[in-house]
Amino acid sequence: MISNSPGIEAMVLDTNSGYRRLRLSLPRLSYLAVTDSSLPCRIELEDLVVEDAPNLERLLLDVLGNGMSVRVIGATKLKMIGYLATGIPVLALNNSIFKRMVPVSLVEQLSTVKILALHMPNLPKLEVAIAYLRCFPCLEKLKIKFVRNIWPRSLKDAVHFAPSAPVECLDHSLKIIVLQSYSGEKPHADFAKFFVKRARILEVMKFCVDPWCGTCTPKWLEDQCSQLDIENRASRCAEFPFVLESDLPLKFWMEGAFSRNDPFIDFLE
């Protein structure tokens, strides 16, 4: 049915059971959303290949646990991608390859991508985040949700960059950062501090605080500002609002994924 519909411009793949591999070749496809809600007892989709997709602009993934590998070939207009997570065994964007979210081959930069969303394990690895930022030199918005997950055991094949490595988007394009399920504890604060100190044209860095970890009391907020060294931020005009997640509307981010300008961030407003 899909092969006989080359004019498809938007597609949602949900409850992907009964087949292990799906290859899409849809030259007019602009929006693609894939949700991982298959039942464990069924044959599940393991490998999604999107080729000949010159008009693809949004690749939206909602993958929980061990999901599918995703390979995108020839997406020269890709503007938005996420959530990238450790549950994705292999993500190939043209010739750049990530294994369970860890970058192992960064062959080319994807300069068309403006919006990126990541599921970052609760003990975030700054070198992984830096590798993503270097892959998307024109990034304007970054959403990171901390999740109760772990990194793969071996990172020996990972591409590593020092915190002092040059990152083009931090100097020229990244304006909005949102950290969701932020705890305020040292691993999260140290991770966030990197962006405070390096993002030169940052306008807003929003902290959505896990209510089990932080209270947003004046004393707690004062301590956070000290840990983050906001006084010595790279962007003097940047704002750093803190909100409790429990005060945010209860919405699934994928709702309106094709209609919102930014489904990763807009639902938090």
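Colleague: Which residue follows helix 4, and what is its phi?

Modeller: This is a predicted model, in which local features need pLDDT of at least 70 and side-chain atom pairs count only at pLDDT 80 or more, while totals for chains, interfaces and linings use all residues. Residues are numbered from 1 along each chain as its sequence is written, and side-chain values use heavy atoms, with hydrogens and water left out. Helices (DSSP runs of H or I, at least four residues) and strands (runs of E, at least two) are numbered from the N terminus. The residue that follows helix 4 is Asp 229, with a positive phi near 55 degrees.

Colleague: Where is Asp 229 placed?

Modeller: Most residues other than glycine have a negative phi. Asp 229, which is not a glycine, has a positive value, and its place is in the loop between helix 4 and strand 15.

Colleague: Which residues of helix 4 are buried, and on which side do they lie?

Modeller: Buried means under 20% relative accessible area, exposed means over 50%, and partly exposed lies in between, using a 1.4 Å probe and protein chains only. The buried residues of helix 4 are Trp 220, Gln 224 and Leu 228. They cover an arc of only 65 degrees around the axis, taken from the directions from the helix axis to the C-beta atoms, so they lie on the same side of helix 4. An α-helix has 3.6 residues a turn, so residues three or four places apart point the same way.

Colleague: Which residues are exposed on the other side of helix 4, and what do the buried ones pack against?

Modeller: On that other side, the exposed residues are Pro 218, Lys 219, Glu 222 and Ser 226. Taking contact as heavy atoms within 4.5 Å, the buried residues of helix 4 pack against strand 13 (176-182), helix 3 (186-198), strand 14 (204-209) and strand 15 (242-244).

Colleague: Is Gln 224 buried or exposed, and which residues does Gln 224 contact?

Modeller: Gln 224 is found in helix 4, which spans residues 218-228. Because its relative accessible area is 1%, Gln 224 is buried. Leaving aside neighbours within four places in sequence, Gln 224 is in contact with Tyr 182, Gly 184 and Phe 242.

Colleague: Which residues touch the most other members of the largest nonpolar core, and which helix gives the most to this core?

Modeller: A nonpolar core is a set of buried Ala, Val, Leu, Ile, Met, Phe, Trp, Tyr and Cys residues joined through side-chain atoms within 4.5 Å. Of the 70 residues in the largest one, those touching the most other members are Leu 32, Leu 48, Phe 136, Leu 142, Tyr 182 and Met 205. The helix that gives the most to this core, with seven residues, is helix 1 (residues 126-135).

Colleague: What is the strand order of the open sheet, and which are the edge strands?

Modeller: Two strands pair if DSSP finds at least two bridges between them. The sheet has six strands with mixed pairing, in the order 2-4-6-8-9-10. Pairing on one side only, the edge strands are strand 2 (21-25) and strand 10 (102-105).

Colleague: Which peptide bond is cis?

Modeller: Most peptide bonds are trans. Tyr 83 lies in strand 7 (residues 80-84), and a cis bond, with omega near -10 degrees, runs from Gly 82 to Tyr 83.
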